[in-house]
Each structure stands twice: as structure tokens, then as C-alpha cells.
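Here are a few notes to keep beside you as you look around this model for the first time. Take them in any order you like.

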Amino acid sequence: MAIKVTGCIVTYNNMRTIGNAVDSLLKYTACDFHLYAVDNGSTDGTVAFLKENYPQIELIETGKNLGFGAGHNYIADSLDSDYHVIINPDITIRDDVISNMASYLEEHPEVGMLSPEIRFPSGNPQILGKRNPRPYYLVASRMRGKDPGKILSRYAMLDCDLTQIQEIENATGCFMFIRTKLFKELGGFDSRYFMYFEDCDLTRKVNKVSKVLYYPFATVYHEWGRESKKNFKLKKIQIESMFKYYAKWGIK
């Protein structure tokens, strides 16, 4: 029986990047793959663009901005796949990472979720947290320069051999490959987070019942604008989510 994979991109005014994301996913994915786009009330023409150019994907309009996690949860009950992929609208792929990661999970039933290697479109690696987001890690991340420094390097597990598969505490939400049944059993994302930290929260929930692995043999490319550093409203949302996360999980 063929492996079935679903993917979901939640969009909110992502007209600039969404076409590249969808094009690459449809071009390179060879397995049985069904892609959803959940639009959170875009006003920049995203919906019309998707309807006109991508009739093969399933477009869902929520009519309002539900946030990242709630947007992904919106289609959870409809999923009938073996595996599900959470995908940012600024992600692209350059080979069949979907089939690759599905095959790995088929062979490793003890693993619940995979996080791939993530690079900038230039090919440079992105330094992303892989350990639980303790406050001093977040401060180091906010103040990063060209040199990540000792604290941020530890947060991103640069002190480990990242050419090898290994367990991680934290997977970034820009691309998460999870067993569909597990995603449903865990209730998807905690929708109390409008945006930010919902990926940290989901990773912890998966790690309580299964394993989350960093899987460097699949690479995705992430534009990663780090909008919260530029936008005060987003920075405020990020801080609110941080407090919700620590209230739920504690600082440890």
C-alpha cells in the first residue's frame, strides 16, 4: 500500500513567497501527496492567485486570522494520511524530501516527528534552536551577530555532530514532519499561542510519548525574514507566547 502524505501551508498575505513554495513541493514530491493551503484572511491577492494557478491543491479560507497553530489545526480532522507536514509559505525544496522523510519514518516506528536540515536559499545553514528555549538562549538569539557565540551555539546544538541523526528537544515550525495519527492524538498545536512557541510546545508533547529527531539527510530552504525583530506588534505577540510557554512548561 502506497504511503500517503499530506502537507499544510498556512497563509496570511504571503503572495510574495507562496508560489515558489507550492511550485517546489509539486515539482519534487513523487509520493502520494495532498497539499492544503489554509488562508487566514489574506488581503494581498493570495487567495485569487492560488485559485487561478493551483487547482490541484486544496484551498481552505478561514475568513479571519486564526494564527499559525489554529490555522494548521483547522484541517486536522480532514487528514487521512500516514504522515503530515507543517510547511511555512517561505519554504522551498530542491529534491524529494517528502518521500525521503516518509520512508525513514516507515522504517522507524519509534520516531514520531522529524526535523530536517534547514538552510537559507543561498545554501548557508540556519542557526536554529534544537534544545528547549531557556530564557538565556532566547536572549542570545535576539542579540546574535555574525558569530553565534557560545550560548547560541549550544542552543542550536552546534556542539554536536549535526551531520548525524540525533534526538532533539525543539524542532522549528517552518517544516515539521509528523505522523498524522500522532498529530491528531496530541490535539495538534496548542491554539493558545497565536504565533511563536507553538512549535516548541508541540515538540515537547511529541517527546513525551515518542521521539523527535533531527534528520540531516533531508534539506529544506527557508527564507526566514525574522519579522519579529522588525515589527513591534509581532515582537509583542512573541513575548506573550513566551510567557504562555513558560507558564505551561516551566523554565527548565
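**Notes on the predicted model**

1. Aspartate 159 is partly exposed, with a relative accessible area of 46%; here buried means under 20% relative accessible area, exposed over 50%, and partly exposed in between (1.4 Å probe, protein chains only). Its side chain meets that of arginine 154 in a salt bridge (3.4 Å, N to O), a term for a side-chain nitrogen of Lys or Arg within 4 Å of a carboxyl oxygen of Asp or Glu. Arginine 154 is also partly exposed, at 41%.

2. A word on the ground rules. This is a predicted model, in which local features need pLDDT of at least 70 and side-chain atom pairs count only at pLDDT 80 or more, while totals for chains, interfaces and linings use all residues. Residues are numbered from 1 along each chain as its sequence is written, and side-chain values use heavy atoms, with hydrogens and water left out.

3. By the salt-bridge rule the count comes to twelve. One of them joins lysine 4 and aspartate 80 at 3.0 Å, N to O. This pair links distant parts of the chain, 76 residues apart: lysine 4 is in strand 1 and aspartate 80 in the loop between helix 3 (68-73) and strand 4. Helices (H or I, at least four residues) and strands (E, at least two) are DSSP runs, numbered from the N terminus. Lysine 4 is partly exposed at 24%, whereas aspartate 80 is exposed at 51%.

4. Asp190, Arg192, Asp201 and Lys248 are linked in a network of salt bridges.

5. Asparagine 13 lies in the loop between strand 1 (4-11) and helix 1 (15-28) and is partly exposed, at 29%. Phenylalanine 197 lies in the loop between helix 7 (180-185) and helix 8 and is buried, at 7%.

6. Finally, have a look at helix 1, whose buried residues are Thr17, Ile18, Gly19, Ala21, Val22, Ser24 and Leu25.
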